[in-house]
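Subject: Structure for your review

Dear colleague,

Please find below the structure that I am handing over to you.

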Amino acid sequence: RLRQRFARQADVNERLREGRSRVPRHYGIVSAEAVLIEEAVEGSSGRDLWLELPQGVAAEALFRQIGQWIAALHGEELQSTPFDPTPQMTWLDRLQTRAAQGRRSLPRAKRFADAVRGLEPLAALAKGQSARLAVTHRGLRLDRFLVRDDRTGFALDVENDAMDYAVRDVA
């Protein structure tokens, strides 16, 4: 798995080597320790910036920069496809089942169940609509996005190599 992760990150590093949307350079792996050696990026996390920035224009600029990074990641791999909500709805159902069985904690379970029921008609409407697939980050959060002083953005933990709905990186 570590070699697969290194190969994926090396591939992304080739594509996002220049410009304002990057990933840290990867230097190698120490497989005995399951350690990936990569460039140390000095900067502020998107989470810290979000908490520090005044709402409005500055916060919008942060999200615009993250959006540009996502577009750079998806790049040439972006494909059109009909949307199928089944995997997402199945995942939501599984969460509720595990919570009902006591195998998962689900805060405000009743509100969650009501929200899922509200999604069902929307999922039916969305089925078959045009959607985009790409190799996504799958775990992009504000604390995994660093911004250097020169405003270059770096996303961390780019190891996924499976196609998914591109919107997953936005949600």
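**Overall description**

Of the 171 residues in the protein chain, 32% are buried, where buried means under 20% relative accessible area, exposed means over 50%, and partly exposed lies in between (1.4 Å probe, protein chains only). Please note that this is a predicted model, in which local features need pLDDT of at least 70 and side-chain atom pairs count only at pLDDT 80 or more, while totals for chains, interfaces and linings use all residues. Residues are numbered from 1 along each chain as its sequence is written, and side-chain values use heavy atoms, with hydrogens and water left out.

The protein chain has five helices and nine strands. Helices (H or I, at least four residues) and strands (E, at least two) are DSSP runs, numbered from the N terminus. Read from that end, the order of the elements is α-β-β-β-β-α-α-β-α-α-β-β-β-β. Along the principal axes, the C-alpha atoms fill a box of roughly 45 × 45 × 35 Å.

The accessible surface of the protein chain is about 10,800 Å², and carbon and sulfur atoms hold 53% of it; such areas come from the Shrake-Rupley method with a 1.4 Å probe, and for residues only the protein chains shown count as cover. A contact means heavy atoms within 4.5 Å. Among contacts with a separation of 6 or more, 70% are between residues 24 or more positions apart.

**The nonpolar cores**

A nonpolar core is a set of buried Ala, Val, Leu, Ile, Met, Phe, Trp, Tyr and Cys residues joined through side-chain atoms within 4.5 Å. The largest one has 14 residues, and Trp 69 and Val 158 touch the most other members. Helix α3 (57–74) and strand β7 (145–147) are the elements that give two or more residues to this core. The largest share, five residues, comes from α3.

A second, separate core has five residues, including Met 89, Leu 92, Leu 95 and Val 116.

Helix α3 also holds His 74. His 74 is buried, with a relative accessible area of 6%. Not counting residues up to four places away in sequence, His 74 touches Ala 134, Val 135, Thr 136, Ala 166 and Asp 169.

**Salt bridges**

A salt bridge is a side-chain nitrogen of Lys or Arg within 4 Å of a carboxyl oxygen of Asp or Glu. A search of the whole structure finds eleven of them.

One of these joins the side chains of Glu 39 and Arg 25, at 3.6 Å from N to O. Glu 39 lies in the loop between β3 and β4 (44–45), and Arg 25 in the loop between β1 (21–22) and β2, so the pair ties together parts that are 14 residues apart in sequence. Glu 39 is buried, at 15% relative accessible area, whereas Arg 25 is partly exposed, at 40%.

Another salt bridge links Arg 47 and Asp 48, with the closest N and O atoms 3.8 Å apart. Arg 47 is partly exposed, at 44%, and Asp 48 is partly exposed, at 34%. In the salt bridge between Arg 148 and Asp 150, the closest N and O atoms are 2.9 Å apart. Asp 150 is partly exposed, with a relative accessible area of 36%.

**Aromatic pairs**

Rings of Phe, Tyr and Trp (its six-membered ring) pair if their centres lie within 6.5 Å; planes under 30 degrees apart count as stacked, over 60 as edge-to-face and the rest as tilted. The structure holds two such pairs. In the pair of Phe 83 and Tyr 165, the ring centres are 4.8 Å apart and the planes are at 55 degrees, so the pair is tilted. Phe 83 lies in the loop between β5 (79–82) and α4 (86–100), and Tyr 165 in strand β9 (residues 163–165), so the pair ties together parts that are 82 residues apart in sequence. Tyr 165 is buried, with a relative accessible area of 11%.

Yours sincerely
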